[in-house]
Amino acid sequence: MSEARTSAEGGMETSYGFRQVAEGEKQHLVNDVFHKVAKRYDIMNDVMSGGLHRLWKDALVTALNPRKDPSYKVLDVAGGTGDIAFRIVEASGRKGHATVLDINGSMLAVGAERARKKGLSDNLTFVEANAEELPFQPNSFDAYTIAFGIRNVPHIDVALSEAYRVLKRGGRLLVLEFSEVGLPLLDRFYDEWSFKAIPQFGKMITGDSEPYQYLVESIRKFPNQENFAAMIRQAGFSRVTYTNYTGGIAALHSGWKL
């Protein structure tokens, strides 16, 4: 068991929170987490971020600035409940199309039902598939987004390479993820909140604290901002940058396929 962050060299593929698991075991364990929390996923994000995830997601879509064009196509990965995709479609004036891809069918079912209620079904496609093996042709999408999902992918380097493959030349990658807090006082407060409060709130909301314990541990294992930016560059992306939100609790990473 190790609480140290992984580096740009990898390590998340055998890390289930602070536990080390066998190669190939993590995906099954993560799937089980999201089957358990699917119907309460947005509440979970509110609990984990104090509601700030909504502002961070809005910032992602503002940075993306989707075109108001029927030919505009974005792939939102690990976005089963549709939270990011809905925002993108609305920002495109309901002209663009978003493909929501998730490995978890329970999450996708929630998203499809929410899309129907919002009247957005014509602008969305829901696909159950693995981020490490995208079922799309090369050069298919104008943008690839993933919010609070990349740390749950076992082989992050493979997922980033797949993102590069399916993006069109000139396409953009945007990754929003919990990251490393750079302010000492905030860091201590955030640790107390994460490890003591969040699992307890999770138990109150869902009756099970274990999924929340994994999620807060996975945040601490994920590479810090510089190391993750290095991984994006290694996948072939250019003009790689990141923007910290709320002292580094979250960070938005950007890269371009040029």
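**The annotated binding site**

Modeller: In the unreviewed UniProt entry, the annotation "binding site" covers T81, D102, N130 and A131; UniProt positions follow the numbering used here, feature names are shortened, and annotations may be inferred rather than shown by experiment. Of these residues, D102, N130 and A131 are included in the lining of the largest cavity. A cavity is a set of points, on a 1 Å grid over the protein atoms alone, where a 1.4 Å probe fits but cannot get out, and lining residues have an atom within 4 Å of a point.

The model is predicted: local features need pLDDT of at least 70 and side-chain atom pairs count only at pLDDT 80 or more, whereas totals for chains, interfaces and linings use all residues. Residues are numbered from 1 along each chain as its sequence is written, and side-chain values use heavy atoms, with hydrogens and water left out.

T81 lies in the loop between β3 (73-77) and α4 (83-91); helices (H or I, at least four residues) and strands (E, at least two) are DSSP runs numbered from the N terminus. T81 counts as buried because its relative accessibility is 2%, buried meaning under 20% relative accessible area (1.4 Å probe, protein chains only).

D102 belongs to strand β4 (residues 97-102) and, at 7% relative accessibility, also counts as buried. Not counting residues up to four places away in sequence, D102 touches A78, G79, G80, M107, L108, V127, E128 and A129, where contact means heavy atoms within 4.5 Å. The D102 side chain also reaches the backbone nitrogen of G80 at 2.9 Å.

Technical notes. On a 1 Å grid over the protein atoms alone, a cavity is a set of points where a 1.4 Å probe fits but cannot get out, and a pocket is an open set with protein on both sides within 12 Å along at least five of seven lines; lining residues have an atom within 4 Å of a point. Buried means under 20% relative accessible area, exposed over 50%, partly exposed in between (1.4 Å probe, protein chains only). A polar contact is a pair of N or O atoms within 3.5 Å; within protein, one must be able to donate a hydrogen and the other to accept it, and residues adjacent in sequence count only if both atoms are side-chain atoms.
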